[in-house]
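Here is a short report on one protein model. Keep the sequence and the 3D view open as you read.

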Amino acid sequence: MTRPETETAVPPAHPCEIIPGDPACGLVIACDHASNFVPADIALGVPASEYARHIAYDIGAAAVTRSLAAQLGAPAILTNFSRLIIDPNRGRADPTLVMRLSDGAVVPGNARIDEAGKQARIARFYAPFDAAIDDAIAAAQAAGRPPVLLTMHSFTPYWRGIARPWQVGILYDRDERFARPLIRALEADPAGLTVGDNQPYGGGLPGDTIDRHATARGLANALVEIRQDLIAGADGQAEWAARFARVLRPLLAA
């Protein structure tokens with residue numbers, strides 16, 4: 001079948017894109033669903049058009065993450081693989097770790113995956129992403145500044161035909177130390193943003209990236225969701241990266 005078109009012309013050598021940064025900057029950024037790349041040896045059996053949809057990756061999130069990391073000098077870790085292979089923002093025991101059906105799309109290559117096949121994908125894709133985040137957090141702690149963990153995502157403008165009113169959402173579980181002031185800062189933006197408070201999704205997902213890497217360590221954290229139509233192009237990506245850089249600087253300094 002036709003392979004999906006991706007942002008990467010050459011297959012990545014590592015399952016993660018690791019952007020170095022100042023370990024003492026107070027921030028580690030992760031982008032769980034940065035890429036729609038699927039290696040040639042994995043046959044998922046879905047039409048190429050599906051790889052352009054949100055089921056394969058978070059549209060626009062990677063570009064915002066790269067720009068934000070550059071502006072803040074922060075370390076960042078981005079996936080180099082599609083969430084259709086395995087979803088690193090799920091716990092290892094989560095039944096949606098390897099999706100068989102995603103927003104109406106059947107994924108034949110996942111339908112009959114056995115435990116051995118799942119463990120092979122964990123070892124090849126999921127575990128290196130985990131390890132890269134662990135390394136960035138360990139470096140920050142060694143530098144004497146336990147970091148905030150910020151994870152970057154994007155969401156669809158409509159869900160089941162209903163328009164979503166938020167331009168951006170901030171998700172969190174029990175720890176609101178960073179999420180609450182971040183919400184207030186975004187609400188004060190001159191653009192008059194409608195900011196989702198644990199919208200469009202709830203923030204408490206056992207075993208997700210925040211849970212594994214921040215909650216388990218007692219680190220402040222937040223999960224960012226930006227509406228995809230706002231960051232589908234370069235101008236919107238630059239605008240939102242600059243906005244987050246602007247609001248994050250004083251929060252991190254505090």
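Threonine 215 is partly exposed, with a relative accessible area of 29%. Threonine 215 sits in the loop between helix H5 (209-213) and strand S11 (221-227). Helices (H or I, at least four residues) and strands (E, at least two) are DSSP runs, numbered from the N terminus. Leaving out residues up to four places away in sequence, threonine 215 touches Arg174, Ile210 and Asn221. Contact means heavy atoms within 4.5 Å. The C-alpha atoms of threonine 215 and valine 247 are separated by 23 Å, and these residues are 32 apart along the chain.

This is a predicted model, in which local features need pLDDT of at least 70 and side-chain atom pairs count only at pLDDT 80 or more, while totals for chains, interfaces and linings use all residues. Residues are numbered from 1 along each chain as its sequence is written, and side-chain values use heavy atoms, with hydrogens and water left out.

**The loop between S10 and H5**

Two backbone features fall in this loop. The peptide bond from glutamine 199 to proline 200 is cis, with omega near 10 degrees. Proline 200 lies in the loop between S10 and H5. Asparagine 198 is found in the loop between S10 and H5 as well. Asparagine 198 is not a glycine, yet it has a positive phi of about 55 degrees.

**Helices packing on H6**

How do H4 and H6 pack? Helix H4 (residues 179-187) meets helix H6 (residues 234-253) at an angle of about 130 degrees, and their axes are 10 Å apart. Axes are lines fitted to C-alpha atoms, for helices over the stretch in contact, and angles run from 0 to 180 degrees between N-to-C directions. H4 and H6 are therefore oblique to each other. Angles under 35 degrees count as roughly parallel, over 145 as roughly antiparallel, 65 to 115 as roughly perpendicular, and the rest as oblique.

H4 passes H6 in a right-handed crossing. A crossing is right-handed if the near helix is turned clockwise from the far one by less than a right angle, and left-handed if anticlockwise. On the H4 side, the contact uses Pro181, Leu182, Ala185 and Leu186; on the H6 side, it uses Arg243, Phe244, Val247, Leu248 and Leu251. These residues divide into 8 nonpolar, no polar and 1 charged. Ala, Val, Leu, Ile, Met, Phe, Trp, Tyr, Cys and Pro count as nonpolar, Asp, Glu, Lys and Arg as charged, and the others, Gly among them, as polar.

Now turn to H1. The axes of helix H1 (residues 61-72) and H6 come within 9 Å and cross at roughly 40 degrees. That makes H1 oblique to H6. H1 also passes H6 in a right-handed crossing. H1 residues in the contact include Ala63, Val64 and Leu68, while H6 residues include Trp240, Ala241 and Phe244. The residues of this contact divide into 11 nonpolar, 3 polar and 1 charged.

Serine 67 belongs to helix H1. Serine 67 is partly exposed, with a relative accessible area of 24%. The C-alpha atoms of serine 67 and alanine 241 are separated by 5.9 Å, although the two residues are 174 apart along the chain.

**Salt bridges**

How many salt bridges does a search of the whole structure find? The search finds 16. A salt bridge is a side-chain nitrogen of Lys or Arg within 4 Å of a carboxyl oxygen of Asp or Glu. The table lists some of them.

| Pair | N to O distance |
|---|---|
| Glutamate 50 and arginine 53 | 2.6 Å |
| Aspartate 87 and arginine 90 | 3.7 Å |
| Arginine 246 and aspartate 189 | 2.9 Å |

Arginine 246 lies in helix H6 and aspartate 189 in the loop between H4 and strand S10 (195-197), so the pair ties together parts that are 57 residues apart in sequence. Arginine 246 is partly exposed at 44%, whereas aspartate 189 is buried at 7%. Salt bridges that share partners join Asp58, Arg83, Asp87 and Arg90 into one network. Glutamate 50 is buried at 16%, while arginine 53 is partly exposed at 26%.

Note on methods
Buried means under 20% relative accessible area, exposed over 50%, partly exposed in between (1.4 Å probe, protein chains only).
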